[in-house]
Amino acid sequence: MGDKLKRAELMWLSLAGLLIFFGVWTFAAWVELAPRKFLPLPSQVVERGIELLTQPFSGQTLQGHLAVSIERYLSGFLLAAAVGVPLGLLMGWYRWLDNVITPLFDSLRFIAPIAWVPFAALWFGTGIGGPMMIIFAGAFAPCLINAYRGARFVDPKYIEAAQVYGASGPRIVYEVLLPASLPSIIAGLRISAGAGWQSLIGAELIAANSGVGLMMVRAQGALDTSIVMVGMVAVGVFGMLVDVALRGIEKRVQRKRGH
Amino acid sequence: MANIVLDNVSRSFRRDGKEFLALDRVSFVCNEHEFVAVVGPSGCGKTTCMRMAAGLDFPGSGSVKVGGKVVKAPGPDRAVVFQQFALFPWKTVYENIEFGLRSLGVGRDEAADRIARNLKLMNLEGYESAYPHQLSGGMQQRVAIARAYVLNPDVLLMDEPFGALDAQTRTVMQEELLRVGRANPRTVMFITHAVDEAVYLADRVVVMTRRPGTIMQIVDVKPVRDAEDWQKYERIEDVMDLESFVHLRTRIWRLLREQHQPGDH
């Protein structure tokens, strides 16, 4: 709130924040506040990152590790959305389903995604199955909750109009609740996307045979902080890109509705 | 027989933990092909009467029947035109009008035909693929009316359908409604607080009291209209100039005024 800043001013401020961050980092590394091994220069991290594009570390190049992580991530996230969103909408319309699912859901959702790791590793292994389940555990709840809330708070006048014009229950869910809750659903997908990605990297740190998380753990073992940092940057940038893409979809939906 | 019968209907609502009576033993009938307007002060429960005929609300005691059957649920045999349009913002004009036809299982070609006819009737040609938010209030309401007309329903329930329109558009819509009604008579329950409109459109006018809503009087318009041959006038202002029209309007006005207590606004 407060005073309104112009776009250009905001951009300068963001840039200033980044510059200060890298300035402090460079300075701290330069004067060797900590040994270089633990606190490399930003330029060294960049160099290491470029090296990793061609030289495999722990059996894969950087993009190789990323590709494995992204594949697991997308399959887990899409599964969570494909189950969570329709289930949430149906729970918003069919009271009995709400009563069946909610107690189960409420008791399971307080288990942190990371806490699923031992179980997931035992049941689905450390390839794609286990990590997928962990992402699912992280991404499922926001998908379901937002779809459910969206459906419950649809303006009753639309539901009444649909009933008056003879729509059946499934048709009301698909043609009224779904489009009316779309803004809420997309907000849920954004939260899910972030939570899923975070849980995947967390899972890979503990139990995986490949992926960015594994790369970082191995680098830790080799006392190579640069690679750890390259991994963190890659994780952060990819997470941001996903959010930007989802925000784009959100804007398009709003524009179509005349907001 | 597509008539609407409200028999001794009472209904109370809870608000802020207090129960209040909205409708008190209300009985009236809309006969088949009869146009009945319900007028009364705001909050008198006239909209509740319509909602009960639509199956969107239910009596606490008494019964509401349409075509001899107790109303249990909403359905496309009773098309509703809502006061706040209630068009689906995520559907185009065409898709909005098509919505009820799909419930009835009307085929694609026939649906396209009927929709085209109603778009023409409502002066909406060329706006098929527009979204509601791109239209003016008057046009949105015309879409809402087309969505109801296209079903060719036995019963038409209208809740202040012209309330949000500007005076010119409203006049055109009123003349249109009368014209369409003559060509294709159906049972209409029309909720309004505009006395002019009620007398101009209706065969009978049900006058309600303020809360709790009861029926104060039912005024017969049709005998006067037929005797004075209002139908030979095409324009609403010509009818409204007639002594017989003014007389009826004043009579209903007086009924509504009587219940206006000092201190009210």
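In which helix of chain A is the place of A:Asp98? A:Asp98 is located in helix 4 of chain A, residues 95-108; helices (H or I, at least four residues) and strands (E, at least two) are DSSP runs, numbered from the N terminus.

The model is predicted, so local features need pLDDT of at least 70 and side-chain atom pairs count only at pLDDT 80 or more, while totals for chains, interfaces and linings use all residues. Residues are numbered from 1 along each chain as its sequence is written, chains are lettered from A and ligands numbered from 1 in the order in which they are written, and side-chain values use heavy atoms, with hydrogens and water left out.

- A:Asp98 counts as buried because its relative accessibility is 7%; buried means under 20% relative accessible area, exposed over 50%, and partly exposed in between (1.4 Å probe, protein chains only).
- Leaving aside neighbours within four places in sequence, A:Asp98 is in contact (heavy atoms within 4.5 Å) with A:Met91, A:Pro103, A:Tyr148 and A:Arg152.
- A:Pro179 belongs to helix 8 of chain A, residues 169-206, and counts as buried at 13% relative accessibility.
- Not counting residues up to four places away in sequence, A:Pro179 touches A:Tyr174, A:Arg257 and B:Trp90.
- The C-alpha atoms of A:Pro179 and A:Val154 are 9.7 Å apart in space, and the two residues are 25 residues apart in sequence.

**Strand 9 of chain B**

- Strand 9 of chain B (residues 204-208) is largely enclosed by the rest of the structure, because five of its five residues are buried.
- In a regular strand the side chains alternate between the two faces of the sheet.
- From strand 9 of chain B, B:Arg204, B:Val206 and B:Met208 point one way, and B:Val205 and B:Val207 the other way.

**Strand pairing and the sheet in chain B**

- Strand 3 (residues 35-39) and strand 9 of chain B run parallel and are joined by four bridges; two strands pair if DSSP finds at least two bridges between them.
- Opposite B:Val207 in strand 9 of chain B stands B:Val39.
- Strand 9 and strand 10 (residues 215-220) of chain B pair in the antiparallel sense over five bridges, and they form a hairpin with six residues between them.
- Opposite B:Arg204 stands B:Asp220 in strand 10 of chain B.
- Six strands of chain B form an open sheet of mixed pairing, in the order 6-7-8-3-9-10.
- The edge strands are strand 6 (78-81) and strand 10 of chain B, each pairing on one side only.
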